[in-house]
Every structure is written in C-alpha cells, then in structure tokens.
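I opened a notebook page for this protein and its ligand. The entries below record what I looked up, in the order in which I looked.

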Amino acid sequence: MPGVALRALAEAHIHAVVEACADWEELAPYGAPYWRPRSPAELQRRIAATAGPSLASEYSLVIVEDGVLIGECSIHAIDWRNRVGEVAVCIWRPAHRGHGRGHDCLRQLMSWATGYLGLHRLEARVLDGNEPSMRLVLSLGFVYEGVLRRRYLDGGRWRDIHMLAYVTDA
Ligand SMILES: CC(C)(COP(=O)(O)OP(=O)(O)OC[C@H]1O[C@@H](n2cnc3c(N)ncnc32)[C@H](O)[C@@H]1OP(=O)(O)O)[C@@H](O)C(=O)NCCC(=O)NCCS
C-alpha cells in the first residue's frame, strides 16, 4: 500500500470533500463533523481559520493517496496557553479502512502537531464502540483517561465518549 500524504484543506478540495461525505449518515456514528451534510460554508470557514499570520485554533487537512482524496484529519480545539489540541482522523470510505492508512495518517499528524506546532498534549475523543479508532490511538501511545457519559447525540441515541491523551515530555 502506498503511503498517505497530508495536505492543508484548500478551496480546490471543497467539492471533493462534500461529495465524499454525501453519505453523512454512514459517517455520523463516528462523531463531529458528520452529523449533518457537509457544506462548502463549513469548509471555507475551516480554511479561513488557518489564514494566519497568528496561530490558529484549528488546522484541517486532507488525506491524499495517489493524488486522490481519501479522508481528512485535523488538530482542533487548540489551547495555546496549555499547548493542548484535539486530533481527529477519518478515512471516508469503509473499503479504504483497516489497511493501515489511519495509523500512517495519525502518526504524521502527531509528528507535525508536536514537532512543528509545539503541542505537548494531544487529546482524542472516541465514541463508545468504535473499536478501530480506540485501537488506533492506543497503538500510537494515547492513554485512556476517562469517559464522558451520554455526550454525543447519534440519531436519537445518546452515546458515551472516551477520552484519551498522548503527552510528551517537552
Ligand atoms: C478510525 C480510523 C481512522 C482507523 O483507520 P484505519 O485505516 O481503518 O485503521 P488502521 O488499519 O490504521 O488500523 C488501526 C488499528 O485499528 C485496528 N482496526 C482496524 N480496523 C478494525 C476493525 N474493523 N475492527 C477492529 N479493529 C480494527 C487495527 O488492527 C489497528 O490496531 P492495532 O495496531 O492494534 O492492530 C478509520 O477506521 C476511520 O476513518 N473510521 C471512520 C471515522 C472514525 O472512526 N474516525 C475516528 C474518530 S476521531
């Protein structure tokens, strides 16, 4: 399997992202931002958030393989005073999952977040029952910290969210 590359979300990606998430109900059980149809406005806001020159509170990236967009990831909810950010990764199509792409992507994202953004604590929220996501973050050094009970509304059902974090010595 060729490696995945991360690129900053840009105007040129908007159409592809909206199309890829057309089946948002398949994605909704994995959490925000998939609980509603994606819109160009939401993506434009994310792009604008990184315009600088000051540091942003969120960075949105797309995951590219062989020139094709296969997913997205982000560092968001950044708290610069405490150098904390939250990570999220999504491989849009089920057929693309389970082949190491998520691991490759999160490893790159963590390296960038700690090495270039200077964050020292990365948090991950995993919806209860999302085994691939839980295994992914545990395999990259995240440690379980607790549960947020009935924290996410999923199609009329309240679900728990598990909190995990990766903490550097820096
Ligand atoms: C979660 C997600 C990013 C993981 O990426 P992936 O490419 O599917 O996973 P990988 O192949 O890199 O495997 C990562 C780990 O999950 C495990 N895994 C993968 N698919 C699995 C499955 N269907 N059931 C159980 N474990 C699974 C792998 O064995 C691996 O764990 P290990 O290192 O302990 O062996 C991807 O499945 C996805 O995008 N899911 C939908 C969106 C989502 O859940 N995002 C996370 C919320 S932030």
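**Notebook: loops, sheet and ligand shell**

I began in the loops, and found Pro53 in the loop between H3 and E2, where helices (H or I, at least four residues) and strands (E, at least two) are DSSP runs numbered from the N terminus. The peptide bond that leads from Gly52 to Pro53 is cis, with omega near 5 degrees. Before going further I noted that this is a predicted model, in which local features need pLDDT of at least 70 and side-chain atom pairs count only at pLDDT 80 or more, while totals for chains, interfaces and linings use all residues. Residues are numbered from 1 along each chain as its sequence is written.

**Positive phi**

Asp66, in the loop between E2 and strand E3 (68-79), has a positive phi near 50 degrees although Asp66 is a residue other than glycine. Is Asp66 buried or exposed? I recorded Asp66 as exposed, because 8 other C-beta atoms lie within 10 Å; the scale calls a residue buried if 20 or more other C-beta atoms lie within 10 Å of its own, exposed if 12 or fewer, and partly exposed in between, with C-beta atoms placed from the backbone.

Arg150 lies in strand E6 and has a positive phi of about 45 degrees, although Arg150 is not a glycine. With 12 C-beta neighbours inside 10 Å, Arg150 counts as exposed. In the hairpin of E6 and E7, which has two residues between the strands, I found Gly155 with a positive phi near 55 degrees.

**Overall fold**

I listed five helices and seven strands in the protein, and read the pattern along the sequence as β-α-α-α-β-β-β-α-β-α-β-β. The radius of gyration is 15 Å, close to the 15 Å that the globule rule gives for 170 residues, so the protein is as compact as a globular protein of that length; the radius is taken over C-alpha atoms, and the rule is 2.2 Å times the number of residues to the power 0.38. Along the principal axes, the C-alpha atoms fill a box of roughly 40 × 40 × 35 Å. Of the 170 residues, 27% are buried. Among contacts between residues at least 6 apart in sequence, 54% join residues at least 24 apart, a contact being two C-beta atoms, placed from the backbone, within 7 Å.

**The sheet**

In what order do the seven strands stand? I read an open sheet in the order E1-E2-E3-E4-E5-E7-E6 with mixed pairing, where two strands pair if DSSP finds at least two bridges between them. The edge strands, each pairing on one side only, are strand E1 (5-8) and strand E6 (143-154). Neighbouring strands of this sheet are turned by 30 degrees against each other on average, direction ignored; axes are lines fitted to C-alpha atoms, for helices over the stretch in contact, and angles run from 0 to 180 degrees between N-to-C directions.

H5 packs on the sheet, touching strand E5 (121-127) and strand E7 (157-167), and the direction of H5 makes about 160 degrees with that of E5.

I went through three of the pairings in turn. E1 and strand E2 (residues 59-65) are antiparallel over four bridges, and the bridge partner of Arg7 in E2 is Val62. E5 and E7 run antiparallel and are joined by seven bridges, with Glu123 opposite Ala165 in E7. E6 and E7 are antiparallel over eight bridges, and here Leu153 stands opposite Trp158 in E7.

**Around the ligand**

Which residues come nearest to the ligand? Of the 20 residues around the ligand, I noted Arg97, Gly102, His103, Arg135 and Ser139 as the nearest, a residue being near if its C-beta atom, placed from the backbone, lies within 6 Å. Strand E4 (84-91), helix H4 (101-115) and helix H5 (131-139) are the elements that give two or more residues to this shell, and H5 gives the largest share, six residues.

Ser139 lies in helix H5 and counts as exposed, with 12 C-beta neighbours inside 10 Å. The C-alpha atoms of Ser139 and Arg107 are separated by 10.0 Å, and the two residues are 32 apart along the chain.
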